[in-house]
Structure formats: structure tokens, C-alpha cells
Amino acid sequence: AFEEVCLPHMITVGWWIGTMILFTYHKGNFDCNGSAVLRTYLVGLLVVLGLIILSLCAIVYVSAQGTITNPGPRRSIPALVYLRALLYIPELVWASLGALWVSGDSRGCNPATVGAVISAVVASWIILLITGLGVVFVFDPLGDSRHQPPAMEPLGVQDMESNRASQFFSTARSLAVKVWESRLRLLCCCLPQDESQRAAFSSIAQLFSKFFSDTDLVPSDIAAGLALLHQDQDKMERSRDPETIVEHSPSSPIVKDLEVELEKAAHYMQFAAAAYGWPLYIYSNLFTGPCKLCGDCCKSSGADYDIIGGDHLGCHFNSILQTTGLQYRDFVYVSFHNQIYEIPFFVALDHKREAVLVAVRGTLSLKDVLTDLSAECENLPVEGVPGACYAHKGISQAAGYIYKKLVNDGILNQALSIVPEYKLVITGHSLGAGTASVLAILLRTSFPTLQCYAFSPPGGLLSKALADYSKDFVVSVVLGKDLVPRLSIPNMEDLKRRILKIVSNCNKPKYRILIQGLWYELFGGDPNDLPTEMDNRREEVLSQPLLGEESLIIRHSSSYQSLGSDDSPAHTAVHLPLFLPGRVLYITEDGPSPCFSKPRYRADWSDEMAFRSILISPRMLVDHMPDCVLRALNTLISNRPFSLCPSSFNDNQHNVI
């Protein structure tokens, strides 16, 4: 991983040129206090930077030789890395010397010279800090000890070696968990320390240490694998037969069902987007948003609703008003309180659809990210649901928090006492969608007519029993190649397995893979022009060493199937499989869109099993954005007529608009 740590230091080339220009401009003569120290500093800095540049050039050149699984030409990399590490000592000394001169001996010098030296000193300390953080976050706590018992040892000796190996890996796993906990504490040092945070750190650290413990892939290996996978997936997609479009009457019951659900989804998506407050509103309305909010943020409304925490200027609430079109009097409860497992939400009266609406905010803070990453399973028993009932731990905890607020604090009773004939609707996007779905399951027995609209929910959310149970009252909306609805631990294991397989079968140097992959992402092209796999490669290639004595697979885990199989490991992985909630309304682009024209979409009822594999695409994050989902829904309900095509996921025909 030191290869990735060294990359930021390529800016030292420009730094060396600037220092040389400064020294040449003064011709080595400085008429000011401390000129001898300054001259020594600049000469020494030129020498140190020159050595660093030479070592980095050597590292870059040697690391570009061979392929990922053919490390022979890169045998000298460890020695070069150690040499570069030794150069940090004089670099630190010269950074201290420059700081000393600036603080005490720079009086009377040319201000431009002083400014240049200050820039050099600041750059030195920034690079040293980045390097230190890079080592902290990339360091592998397992080290390079890959103990395997000798093949021909007697049985008793093999048993002893096996026990020693198991003890070694147990100790290594404990160390890895502690390292990940330390990394999380460092990243989240600004958050207050409490019991829930420590529990979240422990849960996330165990998850990360397990996921990364059985492979030896550095970040550039993963980037190369993702680039190859994207091209491979595009190649397969282009080779498929085009779907047959079947025209149906707009009055068809099949089309009517989709039309009704799409109109409802487009309406409730406005509330799910509004829950994000002013950041999403400004992002979606860059030119008009600030003007609309600036006059309202500091006004006091004096309305009879409760606002809890985190909206001192009222910008969040005023952006909600702008997005939803509701009045002050339509809000029953608004909470911007945000902690780990506790996320903001609001309760409002939607008179247009005659609903008491609960909208839950998605991920918008570091605390929300920790809630997302608490991805272990937690039991969620529901009366009358046969089979195993469990859900995503962090999201289940967040839903439990909102459930207590709504029920124990009487918020829902208060809302329904105002409009007893209204139905209950729960909605949210991303983390908010997952929380809304679990919340709907918890409230279902008390409110049998409730409905939930979950936009871009996380894929690793509900057990199969709960996912099937939720089909009667939850509609999930997924756009395109969105990553989050396909994100689960089994799917991540599947992605890791595919990266290992495609990287091990590739016969090109890593730098060529990355350059061609970057060109493909930016400018497109034909993936057939970029071959990714060698012919007749064997699965045993994964046992070949990486960087000398190391290998891509450090130890085989139970989450792996045969690398020759393309079946998803979700069926046999040690991690319990989790699925999307409810019925899945899947929206895709209807062919490529011409430049400067709005894309056309089509929607169909899909199946949660269709999201068992992560799709690599530049749109995997863009398609998750709430404004993109809302735009796609509004485009769908404004476009007529409707068309249908056969389902690729079910035996029956499914509906496509």
C-alpha cells in the first residue's frame, strides 16, 4: 500500500522548480537577517527534494513493470520504498529549519522571498501530515506473515501448525479490529464520545476487519479491477438481445396500476427530498434557491408546530415549505435532532392526498454515515410473520427511535385527532427510505391501511420473510444503476470475488489498465477495444504471489465459492442475506439520450433478486441523488403514451412504462 501513499508527493516536482527559481533569482545572495540560515535551507531543500524526486521516479518506473499477478519485475520495490521512507528524516529536519527561520530570522528580507519560504514550509508540513495519515489508514495490521503448515509434515506436526496458525489469525483479527476502531475515532474525532458511538465503532470495525482480512489488494488494484469490471459489464450489456416493446392501451389495468403508483411516488418524493432541508434545496436550485430562502431564514413564523434541534435560523424549515408547498399550519412535528441511530424527520398533513405524512431524512451527516455502516443484522420480530425476521442494525435502531417518538410521545395521535379520516403515509430517501420501511413494518399492526414509499433504499435491509411481508404496503423506487439498492455485505463479497478474478486474469500492466479505464470513463468508446482477460487462464492464478511472497488471497474464507463460478455468493455466504423492501418499481433510461435533450425513462415492476450484483458505472452515485430520482419520476408521469415489455426477472410478464 506504500505505492498509494507516495503518489501525493509528485507535487514535489513543482516545489523543487519553484525553489530553484527562488535561489537562482537571488543568485545565492540574500541581503537580510539570517541569510546564512536561509541559504543553507534552500540548498539543503533542493538536495532533499531532488533525492525524493529520484526515488519517486524509480518507484513509479519499477511499479509499472509486470502485471498485478506477475510481480517478478517489481522485486526491488520494497528496497525503494524503504529508501523513500528514510528521506522523511531530512525532510522533517529541513521543514523545522524553515519554520525556525521564518519565525525568528526573516526580518528585513524581501516579502516575496519570505512568502515563498513560508509556502515551502507549509507545503512540507502538509505533505508530512498527509503521509502520516496515509500510513495510518492504509497500513495492513496483518503484516506479511502468511503462515501455512508444510505440506509433507507428519500429522501431529500439522495439527500443531494448524493450532498455531489459528491462534495467529485470531490475534491478527483482534489487532485489525482495534486498528479499524482507531481509524474511525480519528475520522470522527469531532463527534462527542458516548456509548452509542463506541458501540457503532465496534460494530463497524468488526465488519471492516472481516471484509478486508482475506485479501491483499491495494487501492490501485481495486481501481483497476473496477475499471475492468465496468468494461466487461458494458460488453455483456451490449451483446444482449434488445427487449421487445409491446404496445398497450393507456386504459389497460396493468398500465393503470403503474400510472397510479408513479403519480403517488412522484408526489411523495417531494417530501422525501424536502426532509434534507436547505442543502439539497440550494443544490437543486443554484440560481433561485438562495434568493428565495435569504428573506425567510431569519423570520419568526410563530406557528403552532414543534421544531426540535438544529435549525436556529429556520433555513431547513423554510426550504421544506418551499419544496412541499405546504403552509406553516400543516406541520405537526419537525425534528432536526441528529445523533447516531437518531435521524431527523417531520410529520405533516398532506391535504392533497389526504394523508398524515411522516418523512424521514436520508444521509446528510457523519453521524448518519455511522448509522449506515452499522450493517450487521439485528432481530426484528413481527407478530404474524413466519420465518426469520431480522434487519439492518443501524436502520432498525433509527426506526425504533422514530417509532418511540411517534407513538410514546403521542405525535401520531395528535395528527390523527386533527384529521381522523386521513391515512398514514411514510416516506424517505436512502437511509430515510430504509428507516421508513422498517418504521412502516413496526406501525403496520396499529395502522393496517398505512402505505410506505421508499426511494433508493439500501439493498441490505430486510430478511426475505420481512421483505415479502412488506410487499402489501411498501413500494421501493430504484433508478438506473444506483449503487445503494445493490449495496449489501453478500453483494460486496461478490464484488470482491469478481475483482480478484478479473484482475488475476488480466495480462496488462496496472498503469495501462488505469489510463485506459480513465479514458473509457471520460470519453467512452467500444469496450471490445479494451481486452480484459487472457485466454485459457486457470483459477490457480490467484495463488501466484503479489509483490514477491504475497498473494491476492491471503487465506480462503467461507464467503468464497469456487472462483470459476459466476454465481453470486449471497446464497452460501456466512453473512445473512438481506433484501430490498416491498414491491420494487425500477426506472431505467429508455436508450441513450441526444445531447442537450432530456432523457426518456421507462418503469417496470422488478424483483428484489434482480439487485444481487453491483453494477459499475459513472452513474452509480448520480442515480442515487434525490433530485435525479424526482426528475425521473416527473418525466415519467408527464410522458405519454405507455408501452410494455416482457419481464427479464419473473416468469410472468411485468409492466414497463
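The model is a predicted one, in which local features need pLDDT of at least 70 and side-chain atom pairs count only at pLDDT 80 or more, while totals for chains, interfaces and linings use all residues. Residues are numbered from 1 along each chain as its sequence is written, and side-chain values use heavy atoms, with hydrogens and water left out.

Next come the rings. Eight aromatic pairs were counted, a pair being Phe, Tyr or Trp rings (for Trp, the six-membered ring) with centres within 6.5 Å, stacked if the planes are under 30 degrees apart, edge-to-face if over 60 and tilted otherwise. In one of these, phenylalanine 317 and tyrosine 328 are tilted, at 5.8 Å centre to centre and 35 degrees between the planes. Because phenylalanine 317 lies in helix α13 (residues 315-324) and tyrosine 328 in the loop between α13 and β3 (331-335), this pair ties together parts eleven residues apart in sequence. Phenylalanine 317 is buried, with a relative accessible area of 2%, whereas tyrosine 328 is partly exposed at 32%; buried means under 20%, exposed over 50% and partly exposed in between, with a 1.4 Å probe and protein chains only. Phenylalanine 317 also pairs with phenylalanine 331: the centres are 5.0 Å apart and the planes at 70 degrees, so this pair is edge-to-face. Ring pairs link Phe317, Tyr328, Phe331 and Phe346 into a cluster.

Charges meet rings as well. A charge sits over a ring if NZ of Lys or CZ of Arg is within 6 Å of the ring centre and within 35 degrees of the ring normal. The charged end of arginine 84 is placed this way over tyrosine 88, 4.0 Å from the ring centre, and arginine 583 lies over the face of tryptophan 605 at 4.2 Å.

Methods
Helices (H or I, at least four residues) and strands (E, at least two) are DSSP runs, numbered from the N terminus.
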